[in-house]
Amino acid sequence: MENQDVIIIGSGPAGYTAGIYTARANLKSLILEGKNPGGQLMTTTTVENFPGHESIDGFELIDRMKTQAEKAGCKTVQLDAIKIEKHMGYFIVTDSMEKTHSARSIILAMGAYPNKLNFTNSDKYWNKGISSCAVCDGALPMFRKQTIVVVGGGDSAMEEALFLSRFASKVVILVRSDKLRASKAMIKKVEANDKIKIRYNNEVIEATGTKDLDNDLLESIIIIDNKTNEKKKIHCAGLFYGIGHTPNTQLVSNIIDLKPNKYIKKISGSKTSIDGIFTCGDVSDDNYRQAITAAASGCEAAIDCSRYLENKV
Ligand code: NDP
């Protein structure tokens, strides 16, 4: 078994940036990218808020990061990590082909996934009007001066609605219950915004599109009042989910301290509760969740990890 200085688990902007930095610090680095590498950017269409790239496809941005990490000297393997153990001072990581890899340190960058809804045509119009990231997609021309629907009653949904109201002509928030879960301050801002309307006890049951053969985009949704069963059609160019995220922490839930919401707990900087294990990106970020903040935290984890290894020698 080849010993690494560091194994990075996960391959979004956080994982690849960590790899670029650890490899350039002359640390023998392996990235276990996962079976489906790239994370959330792979399902994002155009990225327009990553400095240095005015407009770039999510998968292309990821591809460039991967190439840069490999050119810096990182080994990459497209497999999931399924187990982490400690043996004689080394971390032993088992991949999904049952192969083991050993390292002096680990950086956890498994990311999170936005929760999605499942209704008729929800997959068909994903990325064709349906999105889960207003900051990433909200400013796209297809949503400007249009009606946009946001689902959810927490702070994420309120934040998405407020952000989208800058571009949309009207924003409708659909809340499945009869109350919001968001903070008072956020609710106040939403209530003060003339463009935003809230509909309680309503859920989406179907999406329909423009049926344009070349580019079939979302055109309307059907909602149902779950108290009266009354259905209604809303013409809208966009449907944004703000129903929370789930961090990919199953791998470490038994070995590392998590926050009550299941995100990895940072003890200081990027350090986790286990000496030698660091974290970065959305798996430990329940606040910002942007590609650029994930990349920045990947750099931080790599620097913390390098310092840790230097002091261990
Ligand atoms: P929350 O868990 O707080 O809220 C999720 C919302 O989505 C709830 O209203 C929930 O409804 C609704 N929901 C969940 N599943 C469905 C579904 N299948 N159909 C319809 N609605 C659904 O998640 P958030 O992401 O909003 O917030 C997570 C944490 O991050 C919170 O602590 C929040 O305060 C924080 N945050 C803070 C921000 C800020 O301060 N700027 C911005 C964003 C988040 P129900 O209530 O019925 O369960």
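**Helix packing and ligand surroundings**

In this predicted model, helix H1 passes helix H2 in a left-handed crossing. Helix H1 also packs against helix H6, and the crossing of that pair is right-handed. A further pair, H4 and H5, crosses in a left-handed manner, and the model also holds a ligand that is surrounded by 14 residues.

**H1 with H2**

- Helix H1 spans residues 13-24 and helix H2 spans residues 58-72, and the two pack at an angle of about 20° with their axes 8 Å apart.
- Because angles under 35 degrees count as roughly parallel, H1 and H2 are therefore described as roughly parallel to each other.
- On the H1 side the contact is formed by Pro13, Tyr16, Ile20, Ala23 and Arg24, which meet Ile62, Met65, Lys66, Gln68, Ala69 and Ala72 of H2.
- Sorted by class, the residues of this contact between H1 and H2 comprise eight nonpolar, one polar and two charged.

**H1 with H6**

- Helix H6 covers residues 291-312, and its axis comes within 7 Å of the axis of H1, the two crossing at roughly 35°.
- From H1, the residues Pro13, Ala14, Thr17, Ala18, Tyr21 and Thr22 take part in the contact, while H6 contributes Ala291, Ala294, Ala295, Gly298, Cys299 and Ala302.
- The contact of H1 with H6 consists of nine nonpolar and three polar residues, with no charged residues.
- Pro13 of H1 takes part in the contact with H2, and Pro13 is also listed in the contact with H6.

**H4 with H5**

- Helix H4, residues 155-164, packs with helix H5, residues 184-191, at an angle of about 30°, and their axes are 10 Å apart.
- That angle makes H4 roughly parallel to H5.
- The residues Asp155, Met158, Glu159 and Leu162 of H4 meet Met186, Lys189 and Val190 of H5.
- In this contact of H4 with H5 there are four nonpolar and three charged residues, and no polar ones.

**Around the ligand**

- Of the 14 residues that surround the ligand, the closest are Gly153, Asp155, Ser156, Glu159 and Arg181.
- Glu159, which belongs to the contact of H4 with H5, places a polar side-chain atom 2.8 Å from a nitrogen atom of the ligand.
- In the side chain of Arg181, an N or O atom is 2.5 Å from an oxygen atom of the ligand.
- A polar backbone atom of Gly154 lies 3.4 Å from an oxygen atom of the ligand.
- Asp155 is listed among the closest residues to the ligand, and Asp155 is also one of the H4 residues that meet H5.

Terms used. Residues numbered from 1 in each chain as written. Predicted model: local features only at pLDDT ≥ 70, side-chain atom pairs only at ≥ 80, totals over all residues. Heavy atoms only, no water. Axes fitted to C-alpha atoms, helices over the stretch in contact; angles between N-to-C directions. Helix = DSSP H or I, 4+ residues; strand = E, 2+ residues; numbered from the N terminus. Parallel < 35°, antiparallel > 145°, perpendicular 65-115°, else oblique. Left-handed = near helix turned anticlockwise from the far one by under 90°. Contact = heavy atoms within 4.5 Å. Nonpolar A, V, L, I, M, F, W, Y, C, P; charged D, E, K, R; others polar. Near = heavy atom within 4 Å. Polar contact = N/O pair within 3.5 Å; in protein donor to acceptor, adjacent residues only side chain to side chain.
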